[in-house]
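Please look at the sequence and the structure together before reading on. The report below starts from one pair of residues and then widens to the chain as a whole.

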Amino acid sequence: MSVSAHRVTSEQEFRDRPASGESWTTLEFVELDLAGTSLAEVDLSACVFHRCRLEGASFRGARLGGATFRGCSMRRCDLSGAVLTGATIEGCDWTEAVADDVAGEGIDFLTWLDAGDGSTEEVTE
């Protein structure tokens, strides 16, 4: 099953999602509180996460190629084994995030935020 080109703006709509391992390519997640949610092994290629609360969320083994994260709180999220080729991360707080064995090239980190001291650092890879 593949879900595409759709804006998800409510937590209920998100909870009605397909099971782990499914494809959600090109979805746009807007201002959702998805703290602690598991998106492990889900194909989230080219998805956009805009001002979402993703604290403690699991992206273990997720396919995030071409995905965009803007203004998200991703404190303590788990990206272990995720594929981030071509992803863009802009204005996000990734404090204490786990990123073991992350794969990908051409990842753009723009205005990486560290909420621990309020500093902002411009990083590109």
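R60 and D78 form a salt bridge in which the closest N and O atoms are 2.8 Å apart; the term stands for a side-chain nitrogen of Lys or Arg within 4 Å of a carboxyl oxygen of Asp or Glu. Because R60 lies in the loop between β3 and β4 and D78 in the loop between β4 and β5, the pair ties together parts that are 18 residues apart in sequence. R60 is partly exposed, with a relative accessible area of 42%, whereas D78 counts as buried at 16%. Here buried means under 20% relative accessible area, exposed means over 50%, and partly exposed lies in between, with a 1.4 Å probe and protein chains only.

The model is predicted, so local features need a pLDDT of at least 70 and side-chain atom pairs count only at pLDDT 80 or more, while totals for chains, interfaces and linings use all residues. Residues are numbered from 1 along each chain as its sequence is written, and side-chain values use heavy atoms, with hydrogens and water left out.

| Pair | Closest N and O atoms |
|---|---|
| R60 and D78 | 2.8 Å |
| D33 and R53 | 3.0 Å |
| D93 and R75 | 3.1 Å |

For the pair of D93 and R75, whose closest N and O atoms are 3.1 Å apart, the loop between β5 and β6 holds D93 and the loop between β4 and β5 holds R75, so the pair ties together parts that are 18 residues apart in sequence. D93 is buried, with a relative accessible area of 10%, while R75 counts as partly exposed at 23%. Salt bridges that share partners also join D33, R53 and E55 into one network.

## The surroundings of S58

S58 is found in the loop between β3 and β4 (68–70), and at 16% relative accessibility it counts as buried. A polar atom of the S58 side chain lies 3.4 Å from the backbone nitrogen of R60, the residue whose salt bridge with D78 opened this report. When residues up to four places away in sequence are not counted, S58 touches T37, S38, L39, A40 and D78, where a contact means heavy atoms within 4.5 Å.

C52 is in no disulfide, since the nearest cysteine sulfur, that of C72, is 4.9 Å away; C52 counts as buried at 2% relative accessibility.

## Two residues with a positive phi

Most residues other than glycine have a negative phi. E31, although it is not a glycine, has a positive phi of about 50°, and its place is in the loop between β2 (28–30) and β3 (48–50). E31 is partly exposed, with a relative accessible area of 44%. E96 is not a glycine either, and its phi is positive, near 65°. E96 lies in the loop between β5 (88–90) and β6 (108–110) and counts as exposed at 56% relative accessibility.

## The chain as a whole

The chain has one helix and eight strands, which run β-α-β-β-β-β-β-β-β from the N terminus on; helices (H or I, at least four residues) and strands (E, at least two) are DSSP runs, numbered from the N terminus. Of the 125 residues in the chain, 39% are buried. Among contacts in the chain with a separation of 6 or more, residues 24 or more positions apart account for 2%.

Note on methods: A disulfide is a pair of cysteine sulfur atoms within 2.5 Å. A polar contact is a pair of N or O atoms within 3.5 Å; within protein, one must be able to donate a hydrogen and the other to accept it, and residues adjacent in sequence count only if both atoms are side-chain atoms.
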